[in-house]
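Student: I would like to go through this structure term by term. Please set each value against its cut-off.

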Amino acid sequence: MKRAVEEILKFNEERDWDQFHNPENLAKSISIEAGELLECLQWNNEYDKQHVCEELADVMNYCILMANKLGVDMEEILLMKLEQNKKKYPVEKCKASSKKYTELIK
């Protein structure tokens, strides 16, 4: 991922697009691209894998730019959130269940 991050940052730097990349705009872009990803699967489970991958890459691209803008390490925040989720969703309570963590404590 290091190379991908470097290439994404270089791409944006070469085009002087950082000026448009404040956290608010990046969050909007993540949401817009996530909507386009969802649109690929809107009506049924048949989808064009290439198109889905392109939209997924767009979402990831904006996530990388936002992490960079916020000055956070993506691996660190992903692992931190995973640890939180392990506590919310202990295997013995949630295995093979799609219930939200608030329903697991009942």
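Student: Why is Y101 called partly exposed?

Tutor: Y101 has a relative accessible area of 29%. Buried means under 20%, exposed over 50%, and partly exposed in between, with a 1.4 Å probe and protein chains only. So Y101 counts as partly exposed.

Student: What should I know about the model itself?

Tutor: This is a predicted model, where local features need pLDDT of at least 70, side-chain atom pairs count only at pLDDT 80 or more, and totals for chains, interfaces and linings use all residues. Residues are numbered from 1 along each chain as its sequence is written, and side-chain values use heavy atoms, with hydrogens and water left out.

Student: How many aromatic pairs does a search of the whole structure find?

Tutor: The search gives 2 aromatic pairs. Rings of Phe, Tyr and Trp (its six-membered ring) pair if their centres lie within 6.5 Å; planes under 30 degrees apart count as stacked, over 60 as edge-to-face and the rest as tilted.

Student: What makes F11 and W17 an edge-to-face pair?

Tutor: Their centres are 5.5 Å apart, with 75° between the planes. F11 is partly exposed at 38% relative accessible area. W17 is partly exposed too, at 34%.

Student: Which kind of pair do Y89 and Y101 form?

Tutor: Edge-to-face, at 5.9 Å centre to centre and 80° between the planes. This pair links distant parts of the chain, 12 residues apart. Y89 is in the loop between α4 (74-88) and α5 (91-94), and Y101 is in helix α6 (residues 101-104). Helices (H or I, at least four residues) and strands (E, at least two) are DSSP runs, numbered from the N terminus. Y89 is partly exposed, at 30% relative accessibility.

Student: How do you know that the charged end of R15 sits over the ring of F11?

Tutor: The charged end of R15 is 3.6 Å from the centre of the F11 ring. The definition asks for NZ of Lys or CZ of Arg within 6 Å of the ring centre and within 35 degrees of the ring normal. R15 is listed as sitting over that ring.

Student: What caps the N-terminal end of α4?

Tutor: D73 does. One of its side-chain oxygens lies 3.1 Å from the backbone nitrogen of E75. A polar contact is a pair of N or O atoms within 3.5 Å; within protein, one must be able to donate a hydrogen and the other to accept it, and residues adjacent in sequence count only if both atoms are side-chain atoms.

Student: Is A96 buried or exposed?

Tutor: Exposed, because its relative accessibility is 86%. A96 sits in the loop between α5 and α6. A96 also has a positive phi, about 65°, and is not a glycine.
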